[in-house]
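Dear colleague,

I am handing over a structure for you to look at, and my notes on it follow below. Please read them with the coordinates open beside you.

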Amino acid sequence: MGMFIQPSDPLPRAGMRAGITAVGSLLPDEVLSSDALQREVAHRSGLTLPPRLLTQATGIVSRRVAGEGVYASTLAVGAARRALAAAGLGPLDVDLLLFASASRDLVEPATAHIVQAELGSRAHALDVTNACNSFVNGIDLARSMILAGRARRALVVTGETPSRAVRKDPADLVELRDGFAGYTFGDAGAAVVVEAVERGGIVDVDTETHSEHWEVGGIPGGGSRHPRGDAYTYFRGDGHELRGVFEKVGTAVIDRTLHRTGMDWDGFAKVLVHQVTVPYLERFAELTGVPAGKLVVTVPELGNVASASLGLQLDRVFDELTTGERVLFVGLGGGISIMTMVWEKS
């Protein structure tokens, strides 16, 4: 049998760029406060916890949680519809669909197919997964496919439901501490349209990867190491160790990006950074020197929404950005990986 090659335009013109032309996001309706979550954990575990422990330790006051019948694909589809509407496009105007998320509906098939079936698109569809960097990795992959002439217009979507990996009945304080990072999680969906642009677009991408730290945190269940067992379906991780690794290596990639682009913080209208906790975000600002006014702070009200974080932030500021303004994306993901992307609004 011959190999089927997807029809595509000729290879891109020299100097052609791909950019983000529309964005959408979706939050579940249910709001869960940190105090209510702590009361539930204390009740179900029988542990006595200091008052307002979760709120004071994380700076997170509340988060959104997906209700019954709401899946990772549900949030992705809702965000995708908003992004397509914002671009004035229909589902059939897209020829590449990337579900780029740490969460998924199933181990197999790719959640992208569930999203596609619901949307009614007919694109080449696949999943991209790299913890909390999944969405920005997906945008970069879409950009690469467009510049290679393999796609004309991509829809990159994420649907994050990490709240389902939170252990609410820890057996003891050791188990509570082992899964404490999970109490920061919130659920959300985001989507962007990526296509060729005449000016601006994604002008720089850089990454820093330290895979020797892959065991620092994650959800071990569902793969070939732990195919069964509820105990493996909960998030476990050492938040302090992860933070230490990011502090050690995280500023190098940002310094390189600023040097290579010849820019300083004043050159960016906004700096979108993955947000885990309020202290973590404050430490990031302290280490990098980014002015607080450049940040789009979502973590106190929405928690750590995994890879949807940057998409949510972008959706909040997209319409107020003007042509030629630049935005720096800073992704941080378990594994671990750090990623920067400079995008200029067309």
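**A loop histidine, and what surrounds it**

His-210 sits in the loop that joins strand S8 (201-209) to strand S9 (217-218); helices (H or I, at least four residues) and strands (E, at least two) are DSSP runs, numbered from the N terminus. Its relative accessible area is 16%, so His-210 is buried, where buried means under 20% relative accessible area, exposed over 50%, and partly exposed in between (1.4 Å probe, protein chains only). Leaving aside residues up to four places away in sequence, His-210 touches Val-249, Gly-335 and Ile-336, a contact being heavy atoms within 4.5 Å.

This is a predicted model, in which local features need pLDDT of at least 70 and side-chain atom pairs count only at pLDDT 80 or more, while totals for chains, interfaces and linings use all residues. Residues are numbered from 1 along each chain as its sequence is written, and side-chain values use heavy atoms, with hydrogens and water left out.

The pLDDT (the predictor's confidence in each residue, from 0 to 100) averages 92 over the chain, and 95% of the residues score at least 70. Over residues 1-10, however, the pLDDT is below 50, and this stretch has 10 contacts in the model beyond near neighbours in sequence. Where pLDDT is low, the predicted coordinates should not be read in detail.

Arg-256 belongs to helix H7 (residues 239-261) and is partly exposed, with a relative accessible area of 32%. Not counting residues up to four places away in sequence, Arg-256 touches Asp-206, Thr-207 and Glu-208. With the side chain of Glu-208, the side chain of Arg-256 makes a polar contact at 2.9 Å (a pair of N or O atoms within 3.5 Å; within protein, one must be able to donate a hydrogen and the other to accept it, and residues adjacent in sequence count only if both atoms are side-chain atoms).

Just after H5, Gly-149 takes a positive phi of about 80°.

With kind regards
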